Amino acid sequence: MTARPILGEGVGARLPRKEDDRLMRGRGQYVGDIRMPKMQDVAFVRSPLAHARIRAIHVPEGYRDRVFTAADLDGVQPIRAVSGLPGFKVSEQPVLATGKVRQVGELLAFCVAPTRAEAEDIAASVVLDLEELPAVHDMLAAREPASALVHEHWGDNVFLETQVDVNFAAALDAPIQVSRTISTARQCMAPLEGRGAVVHLDHRMDQLVVHSASQMPHIVRNGLSECLGIEQGRIRIVAPDVGGGFGYKGILLAEEICLAWLALRCGHPVRWLEDRREHLTANANCREHHYRITAYADRDGTLRGIDCEATVDSGAYSAYPFSACLEAAQVASILPGPYDFPSYRCRTWSVATNKCPILPYRGVARTGVCFALELVLDAVAREAGIEPWVVRAKNLVRPEQMPFDNITNKHFDSGDYPQALARALDAVDLPALRARQAAGEADGRRVGLGLSIYCEQAAHGTSVYSGWGIPMVPGHEQAGARLTPDGGLELRIGAHSHGQGLETTLAQVAHEILGVPVARTRLVHGDTAMTPYSTGSWGSRVMVMAGGAVATACRELADRALAIGAHLLQAEPVNCRFAAGRVIGPTGDVSLEEIARTWYRRPQDLAPDVNPGGLEVTAGYKPQRDSGTFSYAAHAVVVAVDPDLGAVEILDYVIVEDGGVLVNPLVVDGQICGGLAQGIGTALYEEMAFDDRGQPLATTFADYLLPGAAEVPDPRIDHMETPSPYTQFGVKGIGEGGAIAPPAALANAINDALGPLGVEMLRSPMSQRRIVEAVLAARHRTAVGARAAA
Amino acid sequence: MKAARFAYERPADLAALLERLAEADGSVKLIAGGQSLGPMLNLRLVEPDRVFDVTGVPELRRANLDGTTLVLGACVTHADIEDGRVPDVTGGAMARVASAIAYRPVRNRGTVGGSLVHADPAADWVTALIALRAEVELVSRSGRRRLALDAFVRGALDVALEPGEMLVAVRIPAIPQGSAWGYVKHCSKIGEFAHAIGAVLIDRQAGHGRVVIGAIERAPLLLADARPLFGGRIGADFSDRFDARAADDALREAGMSEAIDRHVHVTVLARAVAQAARPAPLRLTEAA
């Protein structure tokens with residue numbers, strides 16, 4: 001725990017977000033708000049079939065100049081997201097389909113017209129001649145030799161298979177062995193704002209200007225440059241206000257490439273705004289994991305080992321830049337979670353199917369991994385006849401082990417995991433809860449408690465991602481810092497803020513060093529023309545990386561300001577210090593405003609040997625170790641389950657979280673609450689189902705259920721702050737954690753409630769219908785058992 | 001997606017509207033609140049040539065009492081009923097049903113007439129108003145007629161409207177003094193369409209009960225004489241006499257083959273019965 005005093009607006013201040021003033025008044029400026037003279041709209045002709053050979057695409061004669069197919073896109077390269085991991089099979093995602101289509105929603109043609117409705121009219125007039133092929137819709141069946149093939153030349157449907165084995169055989173004599181089959185449903189990321197792009201040609205700069213709802217604008221520029229074969233200097237990506245990313249705004253879209261190609265030729269701006277149906281059915285999904293997992297343990301709950309076979313449905317293509325294997329292969333390295341045990345084996349498969357590509361969604365593979373491991377730990381507890389918390393307490397990494405290298409060589413930087421568990425248990429009052437369960441509920445519902453603990457590696461850098469060999473490897477993060485002539489501050493970062501509150505929190509980081517008021521600090525982001533290169537906002541990395549870079553740049557600015565200030569005070573720099581926005585010398589002090597005014601407006605007052613770099617700095621930063629920060633949390637949830645209707649009410653939700661030193665606890669609370677909402681969606685509501693022809697079965701939010709205000713409780717959040725030893729201020733990345741633990745915590749709570757009825761839920765979402773099915777099946781078993789006994 | 005092109009007209013009085021309805025060429029859809037038709041247009045599930053907006057007709061927005069019968073114009077909104085801007089003859093039952101329809105923005109625009117004509121089996125009014133013995137008033141150029149709501153709703157998204165005819169009003173008779181009302185719906189989450197609805201109107205003194213099971217993917221199942229669900233007799237102890245097995249049989253006879261579906265509907269109906277037996281109205285979301 002840190003005892004540092006929190007001063008004013010700096011690191012640790014609980015400031016409301018600056019950006020909310022415009023966002024909450026409806027004054028945000030999104031891609032959909034952009035209007036340009038002569039702008040036309042694009043609608044896409046998409047495959048109605050999951051797997052089919054393309055025999056012909058018939059374009060009505062009158063629309064020949066408004067419809068474009070693969071035959072028109074001469075020289076445009078397919079999207080290739082290759083991993084360097086050995087054995088990875090490459091998929092080439094054509095920008096417009098050629099030969100065959102491999103998923104519903106795959107692009108076959110695009111149509112341009114003055115309005116979207118007219119473009120859709122044209123799209124509806126295009127006639128497709130498709131020969132349907134058997135759809136690969138089940139990832140386990142897709143691994144079998146008899147399966148139809150998504151990419152024929154591979155010979156199978158496996159993007160990548162991996163295996164880890166650490167001393168596994170030593171676990172085999174454990175007295176407790178518990179096996180479970182556990183799975184998470186395919187989901188959509190469902191940001192409030194979908195994807196979208198407005199593209200025009202800027203003749204003055206000879207640049208293609210792409211306004212795109214992206215969380216990684218510089219990566220989009222890489223991808224566009226590669227696919228279109230034009231130099232990066234001719235492309236400018238502007239990501240304006242973006243309404244939520246969650247990973248979905250990270251991928252390079254074939255739609256963006258089509259629009260860029262069109263804008264280079266058509267002489268007017270073009271626009272495409274993804275509609276909800278396209279989002280749900282066409283562009284990317286997430287989360288579909290399947291686990292066969294066995295835990296080996298001693299009777300007191302001590303883990304001896306874990307064995308797991310994990311399969312991830314990666315969809316038809318490897319999405320750019322994260323690739324089709326990041327998710328499954330990550331499973332093998334992160335499955336051990338926050339636990340220390342001696343034996344481990346994990347095999348993983350990234351499987352190609354006739355579905356849209358899978359993407360890393362908030363929490364990436366951690367949500368699935370946490371679900372599998374935490375559910376099997378509860379099964380161990382039931383088998384051993386001990387409280388679930390005991391199994392966790394026995395096996396959590398202990399504070400005296402820090403820093404700790406776990407069984408897959410993950411380097412835990414700091415933390416006190418058992419304390420987080422203890423505080424969560426204390427908050428929910430376990431003895432009272434057990435007494436309540438024993439007494440029963442007057443309304444016939446059943447109450448249960450669920451626990452879930454995870455750790456989140458964040459801001460992991462070059463040493464980690466170079467091993468993956470994917471198109472995007474983060475290096476040093478850079479930030480620009482510039483004092484304005486009137487003493488204000490401009491910060492520039494290449495990452496993007498789309499809900500994280502960086503316009504506020506990075507200003508707080510700068511304030512901590514320079515003392516410039518947060519209100520006088522502006523963050524420039526989301527524009528490749530104005531910001532340093534960055535891989536963007538992903539992996540809970542920005543506060544560690546861009547925050548570290550901003551701090552580094554501001555320190556350099558403070559040094560330069562000190563030298564100028566000392567000269568103005570007619571003192572030696574060594575006798576002066578910089579504090580709270582002023583240079584203080586032996587006999588007086590001078591403000592940053594005065595120093596800035598002097599540099600820009602009265603250079604005649606500067607020392608002859610003044611640093612010619614002035615009051616503008618671009619600085620780069622990497623933590624001392626780039627293996628990542630480890631934030632973590634213990635979630636404890638109390639639910640009431642209606643066994644007859646399957647309704648789950650969350651009565652209490654406690655989160656004890658350790659994100660290192662918090663730059664702004666209010667923003668962190670917001671991140672946790674948002675993540676929790678998404679985790680509740682994973683646990684109870686969200687599912688993108690497919691039929692056996694590979695047709696997505698949810699096409700609107702009437703079918704794809706998201707939790708609403710009534711379904712998301714206010715959690716009770718308890719912050720621990722164990723500083724990271726490797727980062728500026730000891731911060732850790734925390735952006736994704738809120739979405740990791742809830743599905744496991746809720747499953748364990750439901751199972752705690754319904755376990756006495758013989759119910760164990762092992763598959764998300766735990767929808768009302770699945771719960772009722774399980775309850776009725778258990779009642780049936782009980783009745784049959786009773787008859788047999790009689 | 002965006003709607004396909006259509007012509008939009010908003011006649012200012014009923015005669016003009018009926019005239020256009022009778023004479024317009026091509027396919028026609030009437031729009032009131034647009035809470036179902038709007039998305040259907042945008043998804044191109046319907047592509048009418050013409051859309052006539054009926055909200056410009058003053059008489060469709062009126063609500064009045066005809067003796068003890070409440071007459072609601074087709075364009076009275078759910079929120080009008082929820083907020084008590086129209087009279088009530090149901091002891092607050094209709095206001096409670098209205099208050100749990102979808103979300104408030106939907107209730108602000110959605111209309112009782114539009115909901116009945118759309119006849120989504122999972123919609124609240126289709127089930128609740130059949131239980132309350134409502135009639136609909138239908139008008140065309142050739143005249144006016146009344147039809148019991150349970151006869152008007154023929155099936156899912158299927159109602160007994162003749163060409164050129166429209167629904168102008170709903171007539172709800174006052175419920176007898178001392179009646180017991182129970183209405184429970186079960187949704188995946190607050191505001192979504194129901195998976196199961198149970199509506200119960202019991203007249204203990206008369207020994208009569210009317211039960212409707214809704215959200216069953218066809219027209220709601222009306223048991224106009226519900227005594228078989230209560231062991232053949234309805235009295236003050238009706239709640240204790242509710243026979244879940246008889247309800248299950250009724251659903252099986254109605255063609256509901258999945259045991260789990262019947263279990264959910266019977267559970268919801270049992271809760272509606274229990275609610276009717278309680279003196280104070282409870283919030284409608286208790287099963288959600």
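Which residue stands opposite B:Leu65 in β5(B)?

Modeller: The model is a predicted one. In β5(B), the residue opposite B:Leu65 is B:Leu70. The two strands concerned, β4(B) and β5(B), pair over 4 bridges in the antiparallel sense. Together β4(B) and β5(B) make a hairpin, with 2 residues between the strands. In the turn, B:Gly67 has a positive phi of about 65°.

B:Leu70 also has a partner on another strand. Its bridge partner in β10(B) is B:Ile172. Strand β5 (residues 69-73) of chain B is joined to strand β10 (residues 166-172) of chain B by 4 bridges, and these two strands run antiparallel.

Chain B has 10 helices and 14 strands. Its radius of gyration is 19 Å, close to the 19 Å that the globule rule gives for 288 residues, so chain B is as compact as a globular protein of that length. The C-alpha trace of chain B spans about 55 × 45 × 30 Å along its principal axes. Of the 288 residues, 45% count as buried. Among the contacts in chain B with a separation of 6 or more, 62% are between residues 24 or more positions apart.

Chain B also touches chain A. In this interface, 16 residues of chain B are in contact with 19 residues of chain A. On the side of chain B that touches chain A, α10(B) gives the most, with 4 residues. By class, the residues on that side of chain B are 8 nonpolar, 5 polar and 3 charged.

A helix of chain A meets α10(B). The axes of helix α18 (residues 768-789) of chain A and helix α10 (residues 259-277) of chain B come within 10 Å and cross at roughly 100°. The helices α18(A) and α10(B) are therefore roughly perpendicular to each other. From α18(A), the contact is made by A:Val772, A:Glu773 and A:Leu776, and from α10(B) by B:Ile260, B:His263 and B:Val264. This contact between α18(A) and α10(B) has 4 nonpolar, 1 polar and 1 charged residues.

Strand β2 (residues 52-58) of chain A is joined to β4(A) by 2 bridges, and the two run antiparallel. A:Ala52 stands opposite A:Val101 in β4(A).

Two helices of chain A show how residues are covered. In helix α7 (residues 326-334) of chain A, 9 of its 9 residues are buried. Its buried residues pack against β7 (158-166), β14 (303-313), β15 (343-351), α8 (366-384) and α12 (462-468) of chain A. In helix α9 (residues 388-395) of chain A, 6 of the 8 residues are buried, so α9(A) is largely enclosed by the rest of the structure. The buried residues of α9(A) are A:Pro388, A:Trp389, A:Val391, A:Arg392, A:Lys394 and A:Asn395. Their cover includes β14, α8, α10 (417-428), β18 (446-458) and α17 (742-754) of chain A.

A:Phe630 lies in strand β26 (residues 629-641) of chain A. A:Phe630 counts as buried because it has 29 C-beta neighbours inside 10 Å. Leaving aside neighbours within four places in sequence, A:Phe630 is in contact with A:Phe412, A:Asp413, A:Gly415, A:Cys455, A:Glu456, A:Gln457 and A:Lys732. The C-alpha atoms of A:Phe630 and A:Ile734 are separated by 8.9 Å, although these residues are 104 residues apart along the chain.

Technical notes
Residues numbered from 1 in each chain as written. Chains lettered and ligands numbered in written order. Predicted model: local features only at pLDDT ≥ 70, side-chain atom pairs only at ≥ 80, totals over all residues. Buried ≥ 20, exposed ≤ 12 C-beta atoms within 10 Å, placed from the backbone. Contact = placed C-beta atoms within 7 Å. Axes fitted to C-alpha atoms, helices over the stretch in contact; angles between N-to-C directions. Parallel < 35°, antiparallel > 145°, perpendicular 65-115°, else oblique. Nonpolar A, V, L, I, M, F, W, Y, C, P; charged D, E, K, R; others polar. Pairing = 2+ DSSP bridges. Rg over C-alpha atoms; globule rule 2.2 N^0.38 Å.
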